[in-house]
Amino acid sequence: VEFRVVECHGRFFCAPVPYAAANFARALLPSNLSRGAGAASTLYAGLQVCKLVLLLLVLGIVETLTSIPPELVILIGAILAFVGTAAFMLAQPRLWHGHDSTTMQITRLFGEATWLGLAAVLCAVVTNLPRIHLPLMLSGDELGVAGIALTISTFFGMAFYTAWIRHFSRLAVNATSRALSAFVIEIVVLGLVFVAVATWILPPLAAWIFDFEVARFGDQVRGILIAAVVFFAGMSLANLYKLGQYQSLEGLVYVVAGAVFVALHFAGGDRATVPDLLVAAGAVMAALSLPAFRVRRIAPAGASPDG
């Protein structure tokens, strides 16, 4: 469950979102990704829509019944995430075949996807570290504006992950230098485009939508958004470990990046800013992902070079 600070009618809520569950479902279904980039992108888009619907549902419940304890809201979000993931898996007939019972196959599938599932959970934790630390670094209007900027920045993460999904099927079968270069080039191009958008378009647009002064908070929003591009770009490169024989290293990348984020926050004190921490964590993830370019690849059964 991913926890997002969301502003609603001037109040902030810690809303549970089944982000880790959605990632876990994607990790458990490599057979869907092997069908091709188009099918994989459609699957990913559908999962993101489901995540948004659940977010709005939980926010509606919290806004309508403000007396609900936060623990109960979190529990509802976790149950919805688990039930949705389980239903999504059981609806895939290609996963359940052979003479073993469905229960045995589900158990074996979870066992084989342990490292991928753990990496998905750790990815969600690292993604939420900036939001968790915001109240420790900022207050008042600055806290609200920073929360808005971080929420907007999640679209960068979705775009980078979609790029990864597009390249997965070919990389899983034949991770040549050309294929890897194409993936990295797309990440770099996307990053440059997002930096331009974050510099000139998003700050005034966010100020207009959320009604804050761009002259006062524009630089703060701009800095967080640009830093978030580096953060999510580095995170997207860590996905390359999913292709190799050392899948556990992806989770390790997130653990180290999170540790660096927390350490710099407390070591820097008042001098540590949100953009600085995001850039540092993103750079660490990118640097630790470099060995993934050389590990031996594991091609999924039934996959074809044409995706």
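User: Contact here means heavy atoms within 4.5 Å. Which residues does Val145 touch in this predicted model, not counting residues up to four places away in sequence?

Analyst: Val145 is found in helix 7, which spans residues 140-173. When residues up to four places away in sequence are not counted, the residues that Val145 touches are Phe212, Phe217, Gln220 and Val221.

User: How far apart are the C-alpha atoms of Val145 and Gln220?

Analyst: Gln220 is one of the residues that Val145 touches, although the two are 75 residues apart along the chain. The separation of their C-alpha atoms is 8.0 Å.

User: Is Val145 buried or exposed?

Analyst: A residue counts as buried under 20% relative accessible area and as exposed over 50%. The relative accessible area of Val145 is 4%, and because this value lies under the 20% cut-off, Val145 is classed as buried.

User: Which residues is Trp164 in contact with, leaving aside its neighbours within four places in sequence?

Analyst: Trp164 is, with Phe156, one of the two residues that touch the most other members of the largest nonpolar core. Leaving aside neighbours within four places in sequence, the contacts of Trp164 are Leu171, Phe183, Asn239, Leu240, Lys242 and Leu243.

User: Are helix 11 and helix 12 roughly parallel or roughly antiparallel?

Analyst: The axes of helix 11 and helix 12 come within 9 Å and cross at roughly 150 degrees. Because angles over 145 degrees count as roughly antiparallel, the relation of helix 11 to helix 12 is roughly antiparallel.

User: How many nonpolar residues does the contact of helix 11 with helix 12 have?

Analyst: The crossing of these two helices, helix 11 and helix 12, is right-handed. Helix 11 takes part in the contact through residues including Val253, Tyr254, Phe261 and His265, and helix 12 through residues including Leu277, Val284, Met285 and Leu288. By class, the contact has no charged residues and one polar residue, while the number of nonpolar residues is 14.

Notes: Residues are numbered from 1 along each chain as its sequence is written. This is a predicted model: local features need pLDDT of at least 70, side-chain atom pairs count only at pLDDT 80 or more; totals for chains, interfaces and linings use all residues. Side-chain values use heavy atoms; hydrogens and water are left out. A nonpolar core is a set of buried Ala, Val, Leu, Ile, Met, Phe, Trp, Tyr and Cys residues joined through side-chain atoms within 4.5 Å. Buried means under 20% relative accessible area, exposed over 50%, partly exposed in between (1.4 Å probe, protein chains only). Helices (H or I, at least four residues) and strands (E, at least two) are DSSP runs, numbered from the N terminus. Axes are lines fitted to C-alpha atoms, for helices over the stretch in contact, and angles run from 0 to 180 degrees between N-to-C directions. Angles under 35 degrees count as roughly parallel, over 145 as roughly antiparallel, 65 to 115 as roughly perpendicular and the rest as oblique. A crossing is left-handed if the near helix is turned anticlockwise from the far one by less than a right angle, and right-handed if clockwise. Ala, Val, Leu, Ile, Met, Phe, Trp, Tyr, Cys and Pro count as nonpolar, Asp, Glu, Lys and Arg as charged, and the others, Gly among them, as polar.
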